[in-house]
Amino acid sequence: MAKVKYYYDSETLSYRRIEPKKGKRVINISLFVLAAFLFGGICLLILLNTNLINTPKELSQARELKNYEFQFELLNKKMTQMEDVLANIEDRDNNIYRLYFEASPIPKEQRTAGFGGVNRYKSLEGFNNSELIVDVTKKLEILQKRLVIQSKSLDEITELAKEKEKLLAAIPAIQPVSNEDLTRMASGYGWRSDPFTKVRKMHYGMDFTAPRGTPIYATGDGVVIRADNKSSGFGEHIRIDHGFGYMSLYAHLSKYNVRKGQKVKRGDLIGFVGSTGRSQAPHCHYEVWKDGNRINPINFYYGSLSAEEYEALLHAASQENQSLD
């Protein structure tokens, strides 16, 4: 309850009540309200500037921002894991696949190189979490580049594998006469005694003795480039171009089972043992050529012989005996 004030009136010798003026009362109330508003506004500004009070929208945005930061950190960890997996693939690619197919390894600097020149991340700078965002973006772009390089490398390996498969199928890798039909391996590659002149001369093939009419097989995939008797000393003979610089020759045949230009696969029947041309007895004279040079066929029987059979053949071929042609 408001206090009532009085004053002493000397004329009436009594106390009279002091009545406040209406205008002054209104002014006092107005000043009080204004002061209260100013004080409240100042307090509110202080609280807002010190982040002690946030609006619901600001609270929602803050939670959303925290969630984005969390998601970026998770993405960063996942990309680190992906980098480890990709690094393992790249290591196998360089040290196994590309090494096996005789392709040059891809340098690490080429795989992991960043992007030089202008600042690609300027638009991401100037924010509270710019460093995190820029780091994740850089990792993602380098990861994408590494994946593209690895994909191209695997495409190259695929093509090399196809060529390797063709090469492995083309190399003369079996005996032209099977062991079941073979009487003996009469003469190997090297210096041998000529059956007609008895003079030592270079024998550029291997002589497989077998009965007349014994099947002769193609030792690798290829194309028949000759099936005739127009080469001195060989009589009826066949030549197969295997590609990749390889060619095989089968001489002294009794007859053919293929014709010039025909494609053959390893193991196909191409002719029969005979003794045509410069030959002392029925046998198949067999040669392997590489890049125009005659090489020892003994190195090309891994596709048909066991270790014991190969050892026996190697021993027989090394004997400096008399050849049959």
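Let's start with a count: the structure holds nine salt bridges. Keep in mind that this is a predicted model. The protein chain has five helices and 15 strands, and 31% of its 325 residues are buried.

**Helix α2**

- Helix α2 runs over residues 56-100, which makes 45 residues.
- From its first C-alpha to its last, α2 reaches 64 Å, close to the 66 Å expected at 1.5 Å a residue.
- Have a look at D93, though, as a kink of about 40 degrees in α2 is centred there.
- Which residues of α2 are buried? They are E69, N76, M79, E83, L86, E90, D93, N94 and R98.
- After α2 comes E102, and its phi is positive, near 60 degrees.
- The UniProt annotation "coiled-coil region", from an unreviewed entry, covers residues 65-92.
- In the model, the span 65-92 is 100% helix and 0% strand, and its end C-alpha atoms lie 41 Å apart.

**Salt bridges around E90**

- Which residues join E90 in a network of salt bridges? The network links E90 with D93, R111 and R146.
- R111 and E90 form one of these bridges, with their closest N and O atoms 4.0 Å apart.
- That pair ties together distant parts of the chain: R111 sits in helix α3 (residues 108-112) and E90 in helix α2, 21 residues apart.
- Both R111 and E90 are buried.
- E90 also meets R146 in a salt bridge, at 2.9 Å from N to O.
- Here the partners are 56 residues apart, with R146 in helix α4 (residues 130-170) and E90 in helix α2.
- Is R146 buried or exposed? R146 counts as buried because its relative accessibility is 8%, under the 20% cut-off.
- E90 has a relative accessibility of 7%, so E90 counts as buried as well.

**A salt bridge between two loops**

- K265 pairs with D221 in another salt bridge, the closest N and O atoms being 3.6 Å apart.
- This one links distant parts of the chain, 44 residues apart: K265 is in the loop between β12 (263-264) and β13 (269-273), and D221 is in the loop between β7 (215-217) and β8 (222-228).
- D221 is buried because its relative accessible area is 17%.

**The largest nonpolar core**

- The largest nonpolar core has 23 residues, and the ones touching the most other members are I216, I238, I240, Y250 and I270.
- Which elements give two or more residues to this core? They are β6 (206-209), β9 (237-243), β10 (246-251), β13 and β14 (283-290).
- The most comes from β14, which gives three residues.
- Zoom in on I238: leaving aside its neighbours within four places in sequence, I238 is in contact with V224, R226, A227, S248, L249, Y250, L253, Y256, V258 and I270.

**Positive phi angles and the last strand**

- As background, most residues other than glycine have a negative phi.
- F244 is not a glycine, yet its phi is positive, about 55 degrees.
- You'll find F244 in the loop between β9 and β10.
- F244 counts as partly exposed because its relative accessibility is 38%.
- D291 is another residue other than glycine with a positive phi, near 55 degrees.
- D291 lies in the loop between β14 and β15.
- Is D291 buried or exposed? D291 is exposed, because its relative accessible area is 55%, over the 50% cut-off.
- N293 belongs to strand β15 (residues 293-295).
- With a relative accessible area of 49%, N293 is partly exposed.
- N293 and Y204 are 89 residues apart along the chain, but their C-alpha atoms are separated by 9.9 Å.

Definitions and conventions:
Residues are numbered from 1 along each chain as its sequence is written. This is a predicted model: local features need pLDDT of at least 70, side-chain atom pairs count only at pLDDT 80 or more; totals for chains, interfaces and linings use all residues. Side-chain values use heavy atoms; hydrogens and water are left out. Helices (H or I, at least four residues) and strands (E, at least two) are DSSP runs, numbered from the N terminus. The expected span of a helix is 1.5 Å times one less than its number of residues. The bend at a residue is the angle between axes fitted to the seven residues ending there and the seven starting there. Buried means under 20% relative accessible area, exposed over 50%, partly exposed in between (1.4 Å probe, protein chains only). A salt bridge is a side-chain nitrogen of Lys or Arg within 4 Å of a carboxyl oxygen of Asp or Glu. UniProt positions are given in the numbering used here, feature names are shortened, and annotations may be inferred rather than shown by experiment. A nonpolar core is a set of buried Ala, Val, Leu, Ile, Met, Phe, Trp, Tyr and Cys residues joined through side-chain atoms within 4.5 Å. Contact means heavy atoms within 4.5 Å.
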